[in-house]
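This briefing sets out selected features of a single protein chain for computational work.

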Amino acid sequence: MKNKKMKIARAEADVSQEKLAEIVGVTRQTINLIEAGNYNPSLKLCTAICKALNKTLDDLFWEE
């Protein structure tokens, strides 16, 4: 399942995939795979992404 919430939050924060990847210590491809729904990130990576985008785990990763 695509992670549209993360993609939208990243766009709203005006952060590129490459910049977010640099901040959280992964590759741009990893960020792309998470947004495409083809990679299940660890809790540590999820929290790092949330911190970088100033969002909560619920905001970005909780499915309704």
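The model discussed here is predicted. The points below begin with helix H4 and proceed to other parts of the chain.

**Helix H4**

- Helix H4 spans residues 43-53, and its buried residues are Leu45, Cys46, Ile49, Cys50 and Leu53. These residues lie on the same side of H4, because they cover an arc of only 140° around the axis.
- An α-helix has 3.6 residues a turn, so residues three or four places apart point the same way.
- The other side of H4 carries exposed residues, namely Leu43, Lys44 and Lys51.
- The partners against which the buried residues of H4 pack are helix H1 (4-12), helix H2 (17-24), helix H3 (28-36) and helix H5 (57-61).

**Helix H2**

- The buried residues in H2 are Gln17, Leu20, Ala21 and Val24. Their arc around the axis is only 100°, which puts them on the same side of H2.
- Glu18 and Glu22 are exposed, and they sit on the face of H2 turned away from its buried side.
- H1, H3 and H4 are included in what covers the buried residues of H2.
- Gly25 follows H2 and has a positive phi, near 80°.

**Cysteines**

- Cys46 is buried, with a relative accessible area of 9%. Cys50 is also buried, and its relative accessible area is 4%.

- Glu35 belongs to helix H3. Is Glu35 buried or exposed? Glu35 counts as buried because its relative accessible area is 6%, and the cut-off for buried is under 20%.
- A polar contact of 2.6 Å links the side chain of Glu35 to the side chain of Arg10.
- Leaving aside residues up to four places away in sequence, Glu35 touches Lys2, Asn3, Met6, Lys7, Arg10 and Gln17.

**Lys7**

- Lys7 is part of helix H1. The relative accessible area of Lys7 is 49%, which makes this residue partly exposed.
- Lys7 and Asn32 are 25 residues apart along the chain, and 9.1 Å separates their C-alpha atoms.
- Lys7 is also one of the residues that Glu35 touches.

**Largest pocket**

- How much space lies in the largest pocket? The volume is about 330 Å³.
- The lining of the largest pocket consists of 15 residues, of which Met1, Lys2, Asn3, Phe61 and Glu63 are the closest to its centre.
- H1 and H5 are the elements that give two or more residues to this lining.
- Lys2 and Asn3, named above for the pocket, are also among the residues that Glu35 touches.

Conventions. Residues numbered from 1 in each chain as written. Predicted model: local features only at pLDDT ≥ 70, side-chain atom pairs only at ≥ 80, totals over all residues. Heavy atoms only, no water. Buried < 20%, exposed > 50% of the residue type's maximum accessible area, 1.4 Å probe, protein only. Helix = DSSP H or I, 4+ residues; strand = E, 2+ residues; numbered from the N terminus. Arc of directions from axis to C-beta. Contact = heavy atoms within 4.5 Å. Polar contact = N/O pair within 3.5 Å; in protein donor to acceptor, adjacent residues only side chain to side chain. 1 Å grid on protein atoms, 1.4 Å probe; cavity = no way out; pocket = protein on both sides within 12 Å on 5 of 7 lines; lining within 4 Å. Points joined across faces, edges and corners; volume = space filled by probe spheres on them.
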